[in-house]
Amino acid sequence: MKFYSTNSPSVKVSLKEAVLKGLAADNGLYMPEYIPVIDPETMDNIENMTLSEIGFMALKPFFCPDIPEDDFKALVEDALSFEMPTVKVCGDIYSLELWHGPTLAFKDVGGRFMARILSHFVKGQDKEINILVATSGDTGSAVANGFYKVPGIKVFVLYPKGLVSEVQEKQFTTLGENITSIEVEGTFDDCQRMVKQAFLDKELNEALTLTSANSINLARLLPQSIYYHHAYAQMKKAGNTKDLVFCVPSGNFGNITAGLVAQTMGLPVKRFIAATNINDIVPQYLESGEYKPAPSKATIANAMDVGDPSNFVRIMDLYDSEHKKVTANLTGYSFTDEEIRETVKRVDVDNKYILDPHGATGFKALENDLEETEVGVFLETAHPAKFPEVVEPVIGRKVEVPTRLQAFMNGEAKNISMKADMQELKKYLMNK
Ligand SMILES: *Cc1c(COP(=O)(O)O)cnc(C)c1O
C-alpha cells in the first residue's frame, strides 16, 4: 500500500515515509491510495473473532507486507492490551467504552499502535528517534504511556507549568525511563511553538532524528478503525438487527475519520453523527456547505476545543469535497456546557451510568436523532474520573477512581523546567 498527500494525490510514498514524516512536506495529510474492502464472508463471521483477530484482519492491507505479517500480528496483540466493551445505557443507545487503557482515554489505542509501528521502523538503525510533543493534557499522557519502554525511542513531553490538571500531569511526569517531561514557563501555545521551531532547526535535525507524535499521523489514525469493527461484532453477537448508527464526540475529527474508513471497508454502518461542543465548525459546514474555521472557545469538554479540525481535509478527500455526499452519511450536533452538564446529571439519575463531558455530547446527539429502525452506539472517549472538577459537582458525589489512575496519582513526579525559549530546549537536547 502506498500513501498520498491530500495536497498532491499523484505523489505516492511508502508506509515508512508516511509514518516517520507524519505531515507531508506540502503540508497535506497522508491518505491510503485506496481503501481495501473486507470480504463479505469474513464480515459475516466477525462476531466469532477476538479483538486482536479483528485488528489484524482490518489493518493488514494497510500495514503489510511493509511490516512482515508475523511481526504485525504480534504488534497488534501487544498494542491491544485492554478491552473495549459496548455497554447498553438505555433503550437503543449503547456506549462503546474506549477508556479501559492505561490513561483512560481512546487516545491510548492510537498512541500504543504508533509507538510500536515507529519502533518497528527504527529497529536495526543505530540512531534513536526523539519524539517531541507539546500537550495541554490528554495527548501527552497517551503518547508518553504508549511509547513507555519502547526500544529505540525517546519521548520529550513539553507542557505549560500550572496549566495542566493534576490527573493529567501525573500520567506523564511519573513514568521516567525513556520519557522526559519538560515543564515550560509559559502557555500551551509556547510549548507548541518551541516544538515547531525545533523541527525547523537545521543544526538540531542534523544531530538528532526528531519526529512528532501528532494525531494526524496515520499510524495513530488507521488503528482507530478497529473498534468500530469490534463494536459491530459485539452488537451482532448480541443479536441486534437494527440499522447501526455511530455517534462520535469530535474535536480534530480523527476518531470519526477512522470510522468512515471502517465503513468504506465494508462495515455495515447506516450513518454517522458527529457531536461537538460549541466549537461547531463542522456541524455548521454540514448545515451550510461552508467551512469557516474560527478561534477555539474553552468548554468543559476541553479535548474537543478545536476551531479548525485538522482531519476535515481527510473527510473532504473521502467524499471528493462534495457536500451532498458528506451530508448523505454524516449529521452534526453541537451542545453548550449547560446541555452537557444536564445530560451527565440526567443519565446518572435515570440510567445509573456516569458519562464524561465528551461522551455526554455523543449520548445527547443520539437521543435527539435516532430513528425507530436504528440502534445507536456513541464512543465514550474518556473515563469520567479524568474530569472530576466537571463531573463531581454535577452528580453530587465522588467518581470512583480506577486503580490504574490511582497508581499514577501515588507516583513521584520527575520533570525538568525551562523557560519558554527554543534555544534552551535546543541546548538541552544537544547535550543529551
Ligand atoms: C481527543 C479527544 C476527543 C476528540 O477526538 P478527535 O479525534 O480529535 O475528534 C474527544 N474526547 C476525548 C476525551 C479526547 O481526548
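**View 1. Helices α16 and α18 of the predicted model.** The axes of helix α16 (residues 337-351) and helix α18 (residues 388-395) cross at roughly 55 degrees and come within 9 Å, where axes are lines fitted to C-alpha atoms, for helices over the stretch in contact, and angles run from 0 to 180 degrees between N-to-C directions. Helices (H or I, at least four residues) and strands (E, at least two) are DSSP runs, numbered from the N terminus. α16 and α18 are therefore oblique to each other, given that angles under 35 degrees count as roughly parallel, over 145 as roughly antiparallel, 65 to 115 as roughly perpendicular and the rest as oblique. On the α16 side, R341, V344, K345 and D348 meet V391, V394 and I395 of α18, contact meaning heavy atoms within 4.5 Å. Sorted by class, this contact of α16 with α18 has four nonpolar, no polar and three charged residues (Ala, Val, Leu, Ile, Met, Phe, Trp, Tyr, Cys and Pro count as nonpolar, Asp, Glu, Lys and Arg as charged, and the others, Gly among them, as polar).

The model is predicted, residues are numbered from 1 along each chain as its sequence is written, and local features need pLDDT of at least 70. Side-chain atom pairs count only at pLDDT 80 or more, while totals for chains, interfaces and linings use all residues, and side-chain values use heavy atoms, with hydrogens and water left out.

**View 2. Helices α4 and α5.** Helix α4 (residues 69-79) and helix α5 (residues 107-122) have axes that come within 9 Å and cross at roughly 150 degrees, and α4 and α5 are therefore roughly antiparallel to each other. The residues D71, L75, V76, D78 and A79 in α4 meet R112, F113, R116, I117 and H120 in α5. By class, the contact of α4 with α5 has five nonpolar, one polar and four charged residues.

**View 3. Surroundings of the ligand.** The ligand is surrounded by 15 residues, of which the closest are K107, G251, N252, F253 and T381, a residue being near a molecule if one of its heavy atoms lies within 4 Å of it. An oxygen atom of the ligand lies 2.8 Å from a polar backbone atom of G251, and a backbone N or O atom of N252 is 2.8 Å from an oxygen atom of the ligand. In the side chain of D138, an N or O atom is 3.0 Å from an oxygen atom of the ligand.

**View 4. Backbone details in two loops.** C64 and P65 are joined by a cis peptide bond, with omega about 5 degrees, and P65 lies in the loop between α3 (51-63) and α4. In the loop between α1 (15-21) and β3 (30-32) is N27, which has a positive phi of about 70 degrees although it is not a glycine.

Methods. Polar contact = N/O pair within 3.5 Å; in protein donor to acceptor, adjacent residues only side chain to side chain.
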